[in-house]
Amino acid sequence: MSIQEQQIPKFKRQSAIKIELGIAKSDEGLRLTVKSDKLTKLAVKLVDKYMLESDEGNRISSAFHEVRKALSFTNESYYVDHSGYLTDSSNHEKINKLITTKKIPNMRFLVTENQIAEIIIDDVFGDPEIQEWIRLFSKFVGMMKKLNKGFGLLE
Amino acid sequence: MTLHIEQTKQIVLSNGQIFNCSKIDRIGIEFEGLFFEVPNFKGSFKGDGSVCGFSQRGSEGEFVSEAIQPNEVSEFVQKTHPSGTRGTSNASCGGHVHISVLSRADYMTLMTEKFYDHFMKKWNEFGHNNEVNEGTAFWNRINARSVGDYNPRFCKSGFRGIEQSKSKYYYVEDRYHFINYCFNVEHDSPRKCTLEFRVPPMFRSKSLQTKAILEIMKIVQEYLEANPPQKPITLRLSI
């Protein structure tokens with residue numbers, strides 16, 4: 001093993017998924033931006049894992065149920081997502097509806113091949129609602145972290 | 001550098017000053033009262049159950065404007081206000097003002113308790129500065145006093161912006177507050193996108209009514225200029 005290779009130890013931290021969530025009030029509504037390189041990959045793997053566990057009749061934790069619900073794929077959207085549904089206006093409309101009616105930070109919008117996902121919700125929000133978005137987003141990311149650790153999905 | 005401001009956003013005040021309401025999109029005005037003759041200018045008349053207590057003959061209800069430009073307010077008041085030979089009003093009547101703003105971010109800035117409190121402070125000052133008499137509808141509405149034909153149930157104090165902004169329906173109890181954030185209401189139109197100031201009464205004088213509407217526009221404009229949209233919130237996490 002060369003000296004150079006030894007200087008690059010495989011810290012667990014190196015595989016950490018870094019996420020940056022931006023929430024801004026804009027002229028068009030509430031603008032949400034997510035920058036992350038591997039988050040999409042993890043989201044897709046989590047849904048695949050969920051389906052596998054369900055098919056095998058294994059016990060699914062409530063945290064896993066909740067994350068799955070937040071990601072709220074359907075088989076149809078799962079495939080559409082891979083072709084970059086964020087540019088499709090009809091899907092954009094659907095996501096808007098989901099987010100505003102469910103009042104949770106529906107994380108479907110993370111699932112795009114782009115590293116930067118952006119969505120504008122054409123509505124108005126009060127500051128306590130925005131705070132609730134941040135709280136829930138952090139909660140879901142925390143849950144995804146635990147599940148990833150448990151299943152070792154991105155090793 | 002030349003600053004271009006649309007003429008429709010410029011208002012010449014009675015003291016000759018020019019007031020630019022660049023943040024405001026359109027205005028809607030509802031005049032409640034008894035109309036001896038129904039106006040025929042940029043709006044339509046409809047009945048209103050909260051308008052009551054008249055012994056004279058005429059049409060009881062409200063004249064509702066179309067979405068008008070800020071610089072059309074004075075003309076609208078001149079041609080539709082129920083006073084003089086055109087009509088009359090009493091304490092049961094409100095002079096509601098709808099305002100839409102050009103930016104959703106600005107709407108969110110107004111949809112806060114901070115703005116609500118600021119507005120009420122300024123509205124009180126307006127009453128004092130214009131020497132509005134004690135015991136009149138202006139003060140009875142602010143103090144939620146039930147006097148004569150006035151029922152404070154239709155115009156309560158308190159900020160209910162978030163609850164109001166979620167409703168698609170107009171006829172809900174939550175709207176009966178000093179400010180009604182009826183952004184998503186789909187009544188007679190796809191989506192209102194306005195905030196409704198329900199606290200102004202019907203003044204007997206057209207000039208005071210005009211002043212009151214312009215004052216509300218001024219409060220909104222100045223507040224938005226002083227409170228630009230907040231910087232984006234950025235949350236950094238890792239898995």
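**Questions about chains A and B**

Me: What makes the crossing of α2(A) and α6(A) left-handed?
Reply: In this predicted model, the crossing of these two helices is left-handed, and that term applies when the near helix is turned anticlockwise from the far one by less than a right angle. Helix α2, which covers residues 39-55 of chain A, packs against α6(A) at an angle of about 65°, and their axes are 11 Å apart.

Me: Which residues make the contact of α2(A) with α6(A)?
Reply: From α2(A) come A:Leu42, A:Leu46 and A:Lys49, while α6(A) contributes A:Met144, A:Leu147, A:Asn148 and A:Phe151. Sorted by class, this contact has five nonpolar, one polar and one charged residues. Leu, Met and Phe count as nonpolar, Lys as charged and Asn as polar, so A:Lys49 is the charged residue and A:Asn148 the polar one.

Me: How do you know that chain A touches chain B, and how many residues are in contact?
Reply: Residues are in contact if their C-beta atoms lie within 7 Å, and by that test 28 residues of chain A are in contact with 21 residues of chain B. On the side of chain A that touches chain B, β1 (18-26) and α6 (127-151) each supply at least two residues, and α6(A) gives the most, with ten residues. By class, this side of chain A has 14 nonpolar, six polar and eight charged residues.

Me: Why do β1(A) and strand β10 of chain B count as a pair?
Reply: Two strands pair if there are at least two bridges between them, and six bridges join β1(A) to β10(B), residues 233-238, so the two strands count as paired. They run antiparallel, and within this pairing the bridge partner of A:Lys18 is B:Ser238.

Me: Why is B:Glu131 called exposed?
Reply: A residue is exposed if 12 or fewer other C-beta atoms lie within 10 Å of its own, and B:Glu131 has 6 such neighbours, so this residue counts as exposed. B:Glu131 lies in the loop between α3 (113-129) and α4 (137-142) of chain B, and its C-alpha atom is separated by 19 Å from that of B:Lys218, which is 87 residues apart from it along the chain.

Me: What makes a residue of chain A buried, and what share of the chain counts as such?
Reply: The cut-off is 20 or more other C-beta atoms within 10 Å, and 26% of the 155 residues of chain A count as buried. The secondary structure of this chain comes to six helices and three strands.

Key. Residues are numbered from 1 along each chain as its sequence is written. Chains are lettered from A and ligands numbered from 1 in the order in which they are written. This is a predicted model: local features need pLDDT of at least 70, side-chain atom pairs count only at pLDDT 80 or more; totals for chains, interfaces and linings use all residues. Two residues are in contact if their C-beta atoms, placed from the backbone, lie within 7 Å. Helices (H or I, at least four residues) and strands (E, at least two) are DSSP runs, numbered from the N terminus. Axes are lines fitted to C-alpha atoms, for helices over the stretch in contact, and angles run from 0 to 180 degrees between N-to-C directions.
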